[in-house]
Amino acid sequence: MYVWSKKLVIGILAGFVLLLGLFLIVGSGGEASILKTHTTRWITLNYIGLVVWVFVWMIDQTRVRGRNVWVWLVPFLLAPLPTLMALILFLQRPMKG
């Protein structure tokens, strides 16, 4: 579990925020999407499945370490990737006791 360095996580989070800002600026055009409805639904279904799978993994990892996962639910629903990285850093801290 000790494979994430703070520099790596900060770099990934900064890249995520940069790409999110770029997406919001560029993606605000008024033209119609060229993606078919079926493709969009398929991508959405896969994303939801991945989010559920990752949250189940988070439940498992926090339970093993005696931590509470439910405080991470709302941030995870709003931004899954940054919340997952923050949780991994949080779980890497040495346990007291």
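The following conversation goes through a predicted model and asks what stands behind the terms used for it.

Biologist: Why is L84 called buried?

Modeller: L84, which lies in helix α4, has a relative accessible area of 18%, and the word buried is used under 20%, so L84 counts as buried.

Biologist: Why does F16 count as partly exposed?

Modeller: F16 has its place in helix α1, residues 6-26. Its relative accessibility is 28%, and since buried means under 20% and exposed means over 50%, F16 is therefore put in between, as partly exposed.

Biologist: Which residues does L84 touch, once residues up to four places away in sequence are not counted?

Modeller: L84 touches V54, W57 and M58 on that count, where contact means heavy atoms within 4.5 Å. The C-alpha atoms of L84 and V54 are separated by 8.3 Å, although the two residues are 30 residues apart along the chain.

Biologist: And with which residues is F16 in contact, leaving aside its neighbours within four places in sequence?

Modeller: F16 is in contact with L81 and P82. Along the chain F16 and P82 are 66 residues apart, yet their C-alpha atoms are separated by 8.0 Å. For the protein chain as a whole, among contacts with a separation of 6 or more, 65% are between residues 24 or more positions apart.

Biologist: How do you know which class of residue lines the largest pocket?

Modeller: The lining consists of F16, Y47, L50, V51, V54, F76, P80, L81, P82 and L84. Phe, Tyr, Leu, Val and Pro all count as nonpolar, so the lining comes out as ten nonpolar, no polar and no charged residues. The space in this pocket is about 200 Å³, and α2 (37-64) and α4 (80-92) each supply at least two residues of its lining.

Biologist: What makes up the largest nonpolar core?

Modeller: Eleven residues make up that core, namely V51, V54, F55, M58, V69, W72, F76, L84, L87, I88 and L91, and the elements giving two or more residues to it are α2 and α4. In soluble globular proteins, nonpolar side chains tend to be buried together.

Definitions and conventions:
Residues are numbered from 1 along each chain as its sequence is written. This is a predicted model: local features need pLDDT of at least 70, side-chain atom pairs count only at pLDDT 80 or more; totals for chains, interfaces and linings use all residues. Side-chain values use heavy atoms; hydrogens and water are left out. On a 1 Å grid over the protein atoms alone, a cavity is a set of points where a 1.4 Å probe fits but cannot get out, and a pocket is an open set with protein on both sides within 12 Å along at least five of seven lines; lining residues have an atom within 4 Å of a point. Grid points are joined across faces, edges and corners, and a volume is the space filled by probe spheres set on the points. Helices (H or I, at least four residues) and strands (E, at least two) are DSSP runs, numbered from the N terminus. A nonpolar core is a set of buried Ala, Val, Leu, Ile, Met, Phe, Trp, Tyr and Cys residues joined through side-chain atoms within 4.5 Å. Buried means under 20% relative accessible area, exposed over 50%, partly exposed in between (1.4 Å probe, protein chains only).
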